[in-house]
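Welcome! Take a look at it first, and then we will go through it topic by topic.

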Amino acid sequence: MPLLTICRAEHFNAALRLHNPAWDDARNQRVFGQRNNPYYYGHNYDLTVRLTGEPGVATGYVFDLKVLGQLIKQHVTNDFDHRNLNLDVPEFAQLNPTAENIAVVIWRRLRAVLPLQLTLGPTSTLIPCCHPACARPCAPRWWTGPDEEKIAAISKHFRAIMLELGLDLDDDSLAGTPHRVAKMFVQEWFKGLNPVNRPEVRLFENRYQYQQLLVERDITVFSACEHHFVPIMGKAHVAYLPGQYVVGLSKLNRVVQYYARRPQVQERLTRQVAEHLRHSLGTPDVAVYIEADHLCVMSRGVNDTSSSTITTDYGGKFLSDPQLRNDFLRQIGK
């Protein structure tokens, strides 16, 4: 009987800090960089668990994927998702929660509860959803605090800013502004900071065997410059080459919106959208093109209202095949 491998993909979000207490601050900063943030560092992770074995005579399964999902939830994601790994997961009390160590801890937890005749693949993967260059620190309270607490705290601080500017908050027009701004930040402009809002990218079998370029163009981009907290507005164009599966088209829009709705730089936004789709679709053949206007350029500093910024990310065949890349650019009118 041939051995077969089955896979189960899951996702979790966690806060963490990489730090060696035996080192001084300078060495920790040199080795770990922003991951040594004393206020912790937020990351999204894609986990793929692979089991290898013979199909059962009675069921035809190597292992029931539903049961595997339940075991992953019980022994991994219930403890890891929306948690501070350093503080909440016992294994990391004395162990740095690098992606490698997280994968080892997960492997040990699952190995203890899975049938011994099945091989829990050492090739099982734990992938930070964003390339390290794309990620950013995030204070742990964002992960756990309810929106009402965040809105109240931001409202208090924004009220102080308005008073410092000399504005009269007894004026009917201004009295509710601190709350309105805070609510806008938490629930609209910056809702992409909260991993609860991360879109689930559902895949569907490519029953029609469509193998040509698939393009979703003119996706609205509304973000905010992280240097000045003023809007970035533009369009994103996303393309991929389908394989065995295709994705619901609206999910492409939602991925763009999720990463846009946070303080951003356009370069990172482009990378985050591309990396997310490559991991979700299981293919490197993804292209992302974003063109946007930055109000930090238009409304201050150089005050240039005519320039725009273009960023691209090409992977897989979009990098190696100029004709494919040109087809993509032609279809988005570039």
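In which sense do strand β7 and β10 pair, and over how many bridges? Strand β7 (residues 214-225) pairs with β10 in the parallel sense, over two bridges. Please keep in mind that this is a predicted model, in which local features need pLDDT of at least 70, side-chain atom pairs count only at pLDDT 80 or more, and totals for chains, interfaces and linings use all residues. Residues are numbered from 1 along each chain as its sequence is written, and side-chain values use heavy atoms, with hydrogens and water left out.

**The whole chain**

- The protein chain has 13 helices and twelve strands; helices (H or I, at least four residues) and strands (E, at least two) are DSSP runs numbered from the N terminus.
- Its C-alpha atoms fill a box of roughly 80 × 55 × 40 Å, taken along the principal axes.
- Of its 334 residues, 43% count as buried; buried means under 20% relative accessible area, exposed over 50%, and partly exposed in between (1.4 Å probe, protein chains only).
- Take the contacts (heavy atoms within 4.5 Å) between residues at least 6 apart in sequence: 72% of them join residues at least 24 apart.

**The five-stranded sheet**

- An open sheet is formed by five strands in the order β10-β7-β8-β11-β12, with mixed pairing; two strands pair if DSSP finds at least two bridges between them.
- Its edge strands, each pairing on one side only, are β10 (263-264) and β12 (309-314).
- Strands of a sheet pair through backbone hydrogen bonds, either parallel or antiparallel.
- Cys225 stands opposite Gln264 in β10.
- Helix α10 (residues 266-281) lies across β7, β8 (231-240), β10, β11 (286-294) and β12, and runs at about 155 degrees to β11. For such angles, axes are lines fitted to C-alpha atoms, for helices over the stretch in contact, and the angles run from 0 to 180 degrees between N-to-C directions.

- Phe158 is found in helix α6 (residues 147-164), and counts as partly exposed because its relative accessible area is 22%.
- Leaving aside neighbours within four places in sequence, Phe158 is in contact with Thr177, Pro178 and Val181.
- Phe158 and Pro178 are 20 residues apart along the chain, with their C-alpha atoms separated by 5.5 Å.
- Ile161 is also found in helix α6, and its relative accessible area of 45% makes it partly exposed.
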